[in-house]
Amino acid sequence: MGRTLQNTMINLGLQNACDEAVYQLGLDMEELEEIEEDAGLGNGGLGRLAACFLDSMATLGLAAYGYGIRYEYGIFNQKIRDGWQVEEADDWLRHGNPWEKARPEYMLPVHFYGRVEHSAAGAKWIDTQVVLALPYDTPVPGYMNNTVNTMRLWSARAPNDFNLRDFNVGDYIQAVLDRNLAENISRVLYPNDNFFEGKELRLKQEYFVVAATLQDIIRRFKASKFGSTDSVRTVFDSFPDQVAIQLNDTHPAMAIPELMRIFVDIEKLPWDKAWDITKRTFAYTNHTVLPEALERWPVDLVEKLLPRHLQIIYEINQRHLDHIASLFPNDVDRLRRMSLIEEGDTKRINMAHLCIVGSHAVNGVAKIHSEIVKTQVFEDFAALEPEKFQNKTNGITPRRWLLLCNPGLAELIAEKIGEDYVRDLSQLTKLHEFVDDDLFIREVAKVKQENKVKFALYLEKEYKVKINPSSMFDVHVKRIHEYKRQLMNCLHIITMYNRIRRDPAKLFVPRTVIIGGKAAPGYHMAKMIIKLINAVAQVVNNDPVVGNKLKVIFLENYRVSLAEKVIPATDLSEQISTAGTEASGTGNMKFMLNGALTIGTMDGANVEMAEEAGEENLFIFGMRVEDVTELDRKGYNAQLYYDRLPELKQAVDQIKSGFFSPKDPNLFNDVVNMLFHHDRFKVFADYEAYVKCQEKVSELYLNSKAWTKMVIRNIAAAGKFSSDRTIKEYARDIWHVEPSDLKIPPPNEPRDAGQDKTPNGTAA
């Protein structure tokens, strides 16, 4: 979520008033804003997307809740020591959190372990361990519409009789100390992005958020006029018309068997009715195609922790496979491929398959990704129910990612096309009229220059590095992962360095290359990549021959509040994943909206950015998905590229020989060995095209006016990538609710009787 203060002031239309009031108190609002801690309760794009969605849902007047876990420790703070990443605990609540309100009156029990007893009355889950879920509510204000939604985060609490209700009251002190075991559930965020780690505590977290949330939703449904009760039992027929639940990846997949358990075991609905309601309630968003990221929970673990849920999953699977067998008799391989249970050395539950079977809609997050989901990853399921599969291209909130972080540009745009674009970003197309306006061109360039100077000052203050604000700011910020190919950027840096040294007198367009991002603590290769970048920076930044032509900065502790500083100052945005691996990307959109040009592959939302702006207004290079598929068919041989390309050979040899690690020449052996022998992401295959494309970038940068005109064309084409557009599509195609642009009257004005009617619609 990042910081909340400035976003709240902007959405409430209070920023100027607050700035002025604080100034009159002899304080500086910006200084105050810097004191707030980021709420870093997610890992990367998926978590930030949810935050943008909350802003858009409130702005569109949707009655929506964001549910999650109130981690005591969020994503770790990254320190760079001697070029290596070192993790520190993110104690973000140390000074309290003024934005949250604990709601103990809505505390709910969550059960674990135990066993299942079957009788004529049905199944009973008994002898369980109970953990309490305490909700904390954070307000989510819409933009200038007097609407405030809620983000409800659950914290784990031990019941007061924890470990004391047993007759072994022997050690009272130990029993109280052991309360920590229950409360550890919400202690810390697992720091993996795009990687599945099948740990028991993680499964507990996933079930904890799901069980508390579903109880909360059902309590609210029963309290409403829709949860009509005939004498004793609630009628749930209207449940899917009143409630839509969107599963943000498979992490909350246990919601499907949990809702079935509630309906069948507790509310005593017949299975078929319960299943129909469940399917119509859930929809699933897939966020990655990387096989190592797909959640596959061992059956033994689920059986121990959630025995009743395993039985329900088996029943769902049996009925699912019976259906497939009736359509495709004797096709046992299809049954194996489509089963929710994977046989093997350890039996596992494929959570993505559970989500597809248990949802009425499945979507990818960019056109190309949704195609890959349909034709490759889940092709058997899409063949069965093609109408279930959709695309919903991701977006970003223009409130945080333009108004808040780049007020200079936002104001410049408002002068030209008015202020309405903030709620309807498609209006940015009006900027096309000004692409040849010399004054506007100069003003856009001036805003960018001011942002660069400001960021250069920040870097000087924080990192004690002096950088040249007239150099091209070439920025690559995102989680460190092999598929995102920070290594390819690194090879380009080494290539530029070698070219400068080979011919110091030759014209060279000065660059400041900024790379930032966190590596999962257990991801060895990602940590080596960080060390390599820092080792290269050490050499480049201290070579007198290079001077200020080339500087390399590794940006420590990349997070939302740092993104808000670096993105407005960026000239060139690096989006260079291997085609077919980045589901969408959202950083790409933030850079586009903030006046950076993109160098990128035809991957994720880059494809649609090129479609909107015209491919000639992005620096597109490298293999397409088809080329990658073809190369896999032929077999990728890294050695071929190394032998064929002298500059690649030179760069790799320098890494291999210890040119960048003279004290330990073998330091980067693992990296080099990976690049030659098991590089799934084919860095060498795109190196030549990447370097050539970078030459075109430098050439254009020399012509400031032509560069800025291309920037304006990009900003004018960025309207599609508002999360408001994304959420309107979810609302209409999946949740079946209508967004409202009605501005609720403020609390100090009396409401019209007409406006007081509850609009008929769903809560998402």
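Author: A salt bridge here is a side-chain nitrogen of Lys or Arg within 4 Å of a carboxyl oxygen of Asp or Glu. Please keep in mind that this is a predicted model.

Reader: Which residue meets the side chain of Lys454 in a salt bridge?

Author: The nitrogen and oxygen of this pair are 3.0 Å apart, and the cut-off is 4 Å. Lys454 belongs to helix 19 (residues 438-463) and its partner to helix 3 (residues 29-33), so the pair ties together parts that are 424 residues apart in sequence. The partner of Lys454 is Glu30.

Reader: How many salt bridges does a search of the whole structure find?

Author: Side chains of opposite charge can pair when their charged atoms come close. The pair of Lys454 and Glu30 is a salt bridge, and for the whole structure the search gives a total of 68.

Reader: What is the radius of gyration of the chain?

Author: The chain has 31 helices and 24 strands, and its C-alpha trace spans about 90 × 65 × 60 Å along the principal axes. For 764 residues the globule rule gives 27 Å, and the chain comes close to that, so it is as compact as a globular protein of that length. The radius of gyration is 27 Å.

Reader: What area is buried between domain 1 and domain 2?

Author: The domain assignment places domain 1 at residues 220-392 and domain 2 at residues 450-719. Twelve residues from domain 1 and 16 residues from domain 2 take part in the contact. Carbon and sulfur atoms give 60% of the buried area, which is about 960 Å².

Reader: Which residue forms a salt bridge with Lys367?

Author: Across the interface of domain 1 and domain 2 there are two salt bridges, and four residue pairs are in polar contact. In the salt bridge of Lys367, the closest N and O atoms are 3.0 Å apart, and the partner is Glu611.

Key: Residues are numbered from 1 along each chain as its sequence is written. This is a predicted model: local features need pLDDT of at least 70, side-chain atom pairs count only at pLDDT 80 or more; totals for chains, interfaces and linings use all residues. Side-chain values use heavy atoms; hydrogens and water are left out. Domain bounds come from an automatic or database domain assignment. Contact means heavy atoms within 4.5 Å. Buried area is the accessible area (1.4 Å probe) that two parts lose on being put together, summed over both. A polar contact is a pair of N or O atoms within 3.5 Å; within protein, one must be able to donate a hydrogen and the other to accept it, and residues adjacent in sequence count only if both atoms are side-chain atoms. Helices (H or I, at least four residues) and strands (E, at least two) are DSSP runs, numbered from the N terminus. The radius of gyration is taken over C-alpha atoms; the globule rule is 2.2 Å times the number of residues to the power 0.38.
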